[in-house]
Amino acid sequence: MQTERGSGAASRAVAARILDAVLHQGRSLKAEFASHLPTLADPRDRALVEAAVMAALREHGRYADALNGWMTRPPGKRDGVLRALLYIGFAQLDVMGLPAHAAVAATVDAARNLKYAHQAGLVNAVLRRALREPLPARRADAAWPRWLSMRVRKDWPEDAEAIFAASAVPPPMWLRVNRQKVSREAYVEKLQRAGIGHALLEALPDAVYLPEPVPVDTLPGFAEGEVSIQDGSAQRLLDALDIAPGVRVLDACAAPGGKAAHLIERYPATRLLALDVDARRVRRMAETFARTGAAVQARAFDATATESWWDGEPFAAIIIDAPCSATGVVRRQPDILLHRREDDIPRLVALQARLLDALWPLLAPGGVLLYATCSLLSAENSRQIAAFLSRSADARLLPLDARFGRDTGYGHQRLPGENAMDGFFYARIEKARG
Ligand SMILES: C[S@@+](CC[C@H](N)C(=O)[O-])C[C@H]1O[C@@H](n2cnc3c(N)ncnc32)[C@H](O)[C@@H]1O
């Protein structure tokens, strides 16, 4: 058994390894969490690692400034894990509010675990300085690459600062209750019995809001498919759809299956085909459907290559939850800001246009296409839809109401943090009859 201090040092070392991989080696945060967190037996250690890494990713610009100001030779590329450990130390003192002396001691011990015993004195000295002197002031857009913060400022001149601020704070947790299995009222009682704080906010019929996230495996009925994790803005999408029982629907970019499972929970008789180009993500989607009991056909195909998978029967509705810059969900995935490149945007815009053009002919006359992204950029959203409408004579934009966020003229946009939700874009397009 590890001592209190031993397990504290182990979790700081794991946090530093994850942060180093994401920050300095271009690795994905989700994948690093998935491979490292199971090595820690105690759920409290896992929670501490997650919180410390997320905080350090949000604040790494300031922490780098602190090291540059305080050290003549801050750790360089070859000592990335040492630099990461110092950031983990700062995060504990700066935003996590942990008892300072225990946090410093565990972080210094972690330097030894990471084979930096010869630098333990330096880690101690730097963190003690951070106890005495303030770290550089917060700047909400510090973690954003300049080209991207400029695009956000250009698209949202009035709201850019609020967007950066909302993207820099830990998000709440949203649950979607599977009302095929349990009523929302009955599920809320289970949360009450489990002592999990919750609220029912505005008119999202399947949602429960948890201001303080909890580990998924502590949620009552999760393994039985009674609830799923899904932000309110993603749940809102289905309110733009009104379909008759038994119709055929395509979810073209469906993995990991959140919106497809929601659709089947709400309209169980739907004949839903869920495609995704990424076979690994399709396997995860199939697991989601097995857990929630959704009868959905999940298949790995490039949706734009319609000749390879379409059988010729038109769809009454098509959902394109498009691959995008994910700029609306930075609060959940701060590593987006590290991995996104400027030339990704025109590539994504072209892919979104190809998806729209390839799938539109598969929609039945009178049918509805829902286009959605978790992006904030007009090129992927309102300008994408304006361009599509201008080249599609039989396409008409249908109105949405204020529950979907603000009207851009070509679809509705929710900015991150509004109504406690992620940033999201929605457009509802109808195909002319005959
Ligand atoms: C925003 S995610 C979808 C999230 C999903 N709808 C949900 O609610 O869980 C976008 C998805 O598009 C997929 N994708 C990208 N290009 C595609 C293509 N050409 N055909 C089908 N899927 C594609 C990606 O693999 C990714 O899983």
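Entry 1: Does R284 count as buried, partly exposed or exposed? I found R284 partly exposed, because its relative accessibility is 40% (buried means under 20% relative accessible area, exposed over 50%, partly exposed in between, with a 1.4 Å probe and protein chains only). R284 sits in helix α12, residues 279-292. For helices I take DSSP runs of H or I with at least four residues, and for strands runs of E with at least two, numbered from the N terminus.

**Housekeeping.** I am working on a predicted model, where local features need pLDDT of at least 70 and side-chain atom pairs count only at pLDDT 80 or more, while totals for chains, interfaces and linings use all residues. Residues are numbered from 1 along each chain as its sequence is written, and side-chain values use heavy atoms, leaving out hydrogens and water.

**Entry 2: strand β1.** I checked residues 173-177 and found five of the five buried. M173, L175 and V177 point one way, W174 and R176 the other. Two partners turned up (strands pair if DSSP finds at least two bridges between them). With β2, residues 207-210, the pairing is antiparallel over four bridges, and R176 has A207 as its bridge partner. With β3, residues 227-229, I count three bridges, also antiparallel; there L175 faces I229.

**Entry 3: salt bridges.** My search of the whole structure returned 31, each a side-chain nitrogen of Lys or Arg within 4 Å of a carboxyl oxygen of Asp or Glu.

- R340 meets D344 at 3.6 Å, N to O. R340 counts as buried because its relative accessibility is 17%, and D344 likewise at 10%.
- D357 meets R391 at 3.0 Å, N to O. D357 is in α14 (residues 344-359) and R391 in α15 (residues 382-391), so the pair ties together parts 34 residues apart in sequence.
- E430 and R396 bring their closest N and O atoms to 2.7 Å. E430 belongs to β12 (residues 424-431) and R396 to β9 (residues 395-398), so parts 34 residues apart in sequence are tied together.

**Entry 4: a network.** Last, I noted R179, D206, R236, D239 and R266, linked by salt bridges into a network.
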